[in-house]
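Notebook open, viewer open. I'm jotting down what I look up as I go.

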Amino acid sequence: MTESEKRANVVRLAFGGSDERFEEFLRAIREDIPEGTRVVLRGSAVTGCRWKDGAPFDADGPGTSDLDLTLVGDAVIGLFTVTGFFVPGMHSRPLSDDDPDIAPDLVPLRETLMVMTGRPVNIQASRELVIHVRGDLLGQPYLVLIDDADRPGN
């Protein structure tokens with residue numbers, strides 16, 4: 001999939017076709033993440049279907065599919081508790097309803113994003129190496145939402 005196809009899927013599926021709602025979502029993230037953080041979106045919002053079983057996005061009803069945000073960078077790794085990692089210091093577990101206490105400083109952002117989208121939003125942190133392995137070597141598609149080069153002051 002091209003970047004424009006992935007973006008079109010996200011806007012259509014998660015934001016009801018509204019570029020304005022998508023841009024508002026991005027603004028909320030930009031305002032709350034540390035400088036130098038890259039943000040990617042993975043999962044069925046990007047591909048249109050769940051990887052586990054191939055079911056379409058929101059197969060269980062409107063607002064049932066989640067958004068899987070990954071924050072990439074040194075500063076965001078530090079926002080997760082020591083027990084909040086799959087691989088310590090490299091790849092966190094998702095901040096979600098199942099693990100609401102692993103990144104307390106990100107809870108307000110998560111809550112804001114869930115209200116904005118009307119769906120669950122999971123937030124995890126990774127190093128660039130993890131994104132490279134998962135996306136480029138294992139072929140798990142992702143969409144770059146915010147590149148640190150896009151941030152003011154960079």
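Where is Asp58 found? I located Asp58 in the loop between helix 3 (44–47) and strand 2. For the element names I rely on DSSP runs, numbered from the N terminus: helices are H or I with at least four residues, strands are E with at least two.

Ground rules before I go on. This is a predicted model, so I note that local features need pLDDT of at least 70, that side-chain atom pairs count only at pLDDT 80 or more, and that totals for chains, interfaces and linings use all residues. Residues are numbered from 1 along each chain as its sequence is written, and side-chain values use heavy atoms, with hydrogens and water left out.

**Entry: Asp58.** I checked the backbone and got a phi near 60°, a positive value in a residue other than glycine. Buried or exposed? Asp58 counts as buried, because its relative accessibility is 18%. My cut-offs are under 20% relative accessible area for buried, over 50% for exposed and partly exposed in between, with a 1.4 Å probe and protein chains only.

**Entry: Arg21.** I found Arg21 in helix 2 (residues 19–32). Arg21 is partly exposed, at 32% relative accessible area. Leaving aside neighbours within four places in sequence, I list Ala14, Phe15, Gly16, Met116 and Thr117 as its contacts; contact means heavy atoms within 4.5 Å. A polar atom of the Arg21 side chain lies 3.1 Å from the backbone oxygen of Phe15. I also took the C-alpha separation of Arg21 and Ala8, which are 13 residues apart along the chain, and got 13 Å.

**Entry: helix 1 against helix 2.** The axes of helix 1 (residues 3–14) and helix 2 come within 9 Å and cross at roughly 100°. I use lines fitted to C-alpha atoms, for helices over the stretch in contact, with angles from 0 to 180 degrees between N-to-C directions. That makes helix 1 roughly perpendicular to helix 2. My angle classes are under 35 degrees for roughly parallel, over 145 for roughly antiparallel, 65 to 115 for roughly perpendicular, and oblique for the rest. From helix 1, Arg7, Val10, Val11 and Ala14 meet Asp19, Arg21, Phe22 and Glu23 of helix 2.

**Entry: helix 2 against helix 5.** How do the axes of helix 2 and helix 5 cross? I get roughly 175°, with the axes coming within 10 Å, and the two helices are therefore roughly antiparallel to each other. Helix 2 brings Arg21, Glu24, Phe25, Ala28, Ile29 and Asp32, and helix 5 brings Leu109, Thr112, Leu113, Met116 and Thr117.

**Entry: helix 5 by itself.** In helix 5 (residues 107–117) I noted Leu109, Arg110, Leu113, Met116 and Thr117 as the buried residues. They cover an arc of only 125° around the axis, so they sit on the same side of helix 5; the arc is that of the directions from the helix axis to the C-beta atoms. Their cover includes helix 2, strand 2 (67–72) and strand 5 (121–126). Gly118 follows helix 5, and I read a positive phi near 70° there.

Entry: Asn9 lies in helix 1 and is buried at 12% relative accessible area. Beyond its neighbours within four places in sequence, I find Asn9 in contact with Met1, Ala14, Ala45, Val46, Thr47 and Gly48. Leu26 lies in helix 2 and is buried at 4%. With neighbours within four places set aside, Leu26 is in contact with Leu145 and Ile146.

Definitions and conventions
Polar contact = N/O pair within 3.5 Å; in protein donor to acceptor, adjacent residues only side chain to side chain.
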